[in-house]
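I opened the file to look up the fold, the charged pairs and a few loop residues. My entries follow in the order I made them.

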Amino acid sequence: MPTFCALDNSQSTLNFPRSFVHSPRLAQGLCKLDMGNNADIRVNSTVQNITKTSANFQITPWADTTLYSAGVNVIALAPGDLDFLTGEHMRNLWNNPNDPASVRIDFERPFITLSKVVVFFNCINLDRNHNWRVNTTATGIDVKGFTLNIETWSDTILYAARVCWIAYPEDHEHIFSGSVNTMDVRPWNQPQPKQSSKIGFGAVEFWKTPSVFIALNEIDFDYKANLRVNAYVDSVSTAGLVWHIESWADTTLYSAGATIIAFN
């Protein structure tokens, strides 16, 4: 099964909770951002020097962007665990203005049964002069692959975004995944800084309190104040959890979404 880690720092060596036989595959997603609105939104989470016991992570801005703080959550997948596949895709409109919003992702090997696919951001670059709106979804899922969508709307200008994805068999035991959104509890045009809700794991059974991964898959924020968002969970039990998506200070949060994965 996967191993969960969290990093709430711009640069750090992350030690895995357990040692792997070989270097694991890492899937990482942004869960917290605090960025100035004095420049374009530019943030990139990268990983280097992956070993059996640790990896080096960096969450960095570039050019004149101000990053006050950020956090990522990480899932480490053992190289021999063939039930899980993972990868990344970048939509880069700087280099290719015609880069499509949707692309087909083919798995390196097909699943026997229908797969589940979850997606989340680990790099975002948006223009400072328009509201910050971007989301990612997985559609058209079958045993051979899926369609990955990275989209924006209204007058938002997206320069680039990178999405990480994880796929696994839908009949895999002891794993739950899904997407939550602030619009599950209130409409986008009634912004408020804090929202949360309890969700259950449905038919998925856990024999102990699961580890939980959460990462952003949508943001919709007003550009007139700093971009501040934090997605996290608490009150985790074998039956469910409470998710939170929050902003603070003078930030206006219209909507935001997150991918959740719970597993033993």
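**Entry 1: a loop glycine.** I began with G140, which has a relative accessibility of 48% and so counts as partly exposed. The cut-off for exposed is over 50%. I placed G140 in the loop between strand 10 and strand 11 (145–151). I also checked its separation from N181: the two are 41 residues apart in sequence, and their C-alpha atoms are 21 Å apart in space.

**Entry 2: the chain as a whole.** I noted that the model is predicted. I looked up the secondary structure and found 18 strands and zero helices in the protein chain. For overall size, I took the radius of gyration, which is 18 Å; a compact globule of 264 residues would have one near 18 Å, so the two agree. Along the principal axes, the C-alpha atoms fill a box of roughly 45 × 40 × 35 Å. Of the 264 residues, 54% are buried.

**Entry 3: salt bridges.** I turned to charged pairs. Side chains of opposite charge can pair when their charged atoms come close. The structure holds 11 salt bridges, and I followed some of them.

I started with R42 and D40, whose closest N and O atoms are 3.5 Å apart. Are these residues buried or exposed? R42 is buried, because its relative accessibility is 13% and the limit for buried is under 20%. D40 is buried as well, at 11%.

Next I looked at D220 and R133, which form a salt bridge with 3.8 Å between the closest N and O atoms. D220 belongs to strand 15 (residues 211–221) and R133 to strand 10 (residues 132–139), so this pair ties together parts that lie 87 residues apart in sequence. D220 has a relative accessibility of 5% and therefore counts as buried. R133 is also buried, with 11%.

The pair R228 and D250 came after that, with closest N and O atoms 2.8 Å apart. The pair links distant parts of the chain, 22 residues apart: R228 sits in strand 16 (residues 227–234), and D250 sits in the loop between strand 17 (240–246) and strand 18 (253–263). I checked accessibility on both sides. R228 is buried, with a relative accessible area of 11%, whereas D250 is exposed, with 53%. Which residues are linked in a network of salt bridges with R228 and D250? I found D34 joined to them in that network.

Entry 4: D83 lies in the loop between strand 6 (67–77) and strand 7 (85–92). Its relative accessibility is 34%, so I recorded D83 as partly exposed.

**Entry 5: positive phi.** I then went through backbone angles. Most residues other than glycine have a negative phi. A63 is not a glycine, yet has a positive phi of about 55°. I located A63 in the loop between strand 5 (54–60) and strand 6. A63 counts as exposed because its relative accessibility is 64%.

S235 is likewise not a glycine and has a positive phi, of about 50°. I found S235 in the loop between strand 16 and strand 17. With a relative accessible area of 54%, S235 is exposed.

Notes. Residues numbered from 1 in each chain as written. Predicted model: local features only at pLDDT ≥ 70, side-chain atom pairs only at ≥ 80, totals over all residues. Heavy atoms only, no water. Helix = DSSP H or I, 4+ residues; strand = E, 2+ residues; numbered from the N terminus. Buried < 20%, exposed > 50% of the residue type's maximum accessible area, 1.4 Å probe, protein only. Rg over C-alpha atoms; globule rule 2.2 N^0.38 Å. Salt bridge = Lys/Arg side-chain N within 4 Å of Asp/Glu carboxyl O.
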